[in-house]
Amino acid sequence: MTILNGITLALSKGRIFEETLPLLAAAGITPTDNPETSRKLIIGTNRPDVRLVIVRATDTPTYVQYGAADMGIAGKDVLLEHGGAGLYQPLDLNIAKCRLCVAAPKDFDYAAAVKRGARIRVATKYVKAAREHFAAKGVHVDLIKLYGSMELAPLVGLADAIVDLVSTGGTLKANNLVEVEDIMPISSRLVVNQASLKLKRELIQPVLEAFAGAVKK
Ligand code: ATP
Ligand code: MG
């Protein structure tokens, strides 16, 4: 139930919310509550025709796909797993930047295993992106779907390697893992419901332009 004469933007708490604040400011939008401290899931703004809904990062494309939110901000990782159905993706916001990569324990010779044509067990939250990456490289893998802390999997013998997001590499290092293959750079995108874009263009277009003008290269 979107507001007919207004727009709803889906955001997740944490880095996406924090890094979106300057973009919202550029569009003249200021949230009236802080989702880190408030328990509210629907947050108003200084503009009566703009509200925010606070969702889990992986749920953002779903809310926008079904029109429960007109727009949202989601990582490319999340969008790849979702598939992007029903979503218009007009803008790379260049926020929440990191990389998707393959990592393995220091003592696992990944390159040699690949060369031998061995079947490698890979734990990941990003099954779709991982499947496409290994298929394109002709690497044989058994993928194990996890929902959190992939770094643990190779340490306890659940997997030989992981596919995960890396920014500083600190978490990998702390768990004796090294990056063995880069898959792709990741940043967050603005996603817009395709019907909303047509029906609410006069509200959405100025926000889109303000965001585009505020994107850091
Ligand atoms: P949760 O932490 O609640 O399990 P999540 O990991 O999906 O959910 P965030 O950690 O806020 O949520 O990540 C949101 C988005 O930010 C991810 O989808 C990804 O695009 C990006 N991201 C994830 N980890 C990093 C990182 N270490 N540095 C920069 N961006 C990141
Ligand atoms: Mg996280």
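Q: How many residue pairs are in polar contact between domain 1 and domain 2, and what makes them count as such?
A: In this predicted model, three residue pairs, both members at pLDDT 80 or more, are in polar contact between domain 1 and domain 2; the term applies because a polar contact is a pair of N or O atoms within 3.5 Å, one able to donate a hydrogen and the other to accept it. The count of salt bridges between domain 1 and domain 2, by contrast, is zero.

Q: Which helix gives the most to the side of domain 1 that touches domain 2?
A: Helix α3, residues 76-82, gives the most to that side, with five residues.

Q: What makes about 790 Å² the buried area between domain 1 and domain 2?
A: Domain 1 and domain 2 bury about 790 Å² between them, 56% of it on carbon and sulfur atoms, and this is called buried area because it is the accessible area that two parts lose on being put together, summed over both. In domain 1, the residues D77, L80 and E81 lose the most area to domain 2, together 63% of what that side buries.

Q: Why is the set of 31 residues that includes L100, I120, F134 and V163 called a nonpolar core?
A: L100, I120, F134 and V163 touch the most other members of this largest nonpolar core, and the name applies because such a core consists of buried residues of listed types, Leu, Ile, Phe and Val among them, joined through side-chain atoms within 4.5 Å. Strand β5 (87-105) gives the most to this core, with six residues.

Technical notes:
Residues are numbered from 1 along each chain as its sequence is written. Chains are lettered from A and ligands numbered from 1 in the order in which they are written. This is a predicted model: local features need pLDDT of at least 70, side-chain atom pairs count only at pLDDT 80 or more; totals for chains, interfaces and linings use all residues. Side-chain values use heavy atoms; hydrogens and water are left out. Buried means under 20% relative accessible area, exposed over 50%, partly exposed in between (1.4 Å probe, protein chains only). Helices (H or I, at least four residues) and strands (E, at least two) are DSSP runs, numbered from the N terminus. Buried area is the accessible area (1.4 Å probe) that two parts lose on being put together, summed over both. A salt bridge is a side-chain nitrogen of Lys or Arg within 4 Å of a carboxyl oxygen of Asp or Glu. A polar contact is a pair of N or O atoms within 3.5 Å; within protein, one must be able to donate a hydrogen and the other to accept it, and residues adjacent in sequence count only if both atoms are side-chain atoms.
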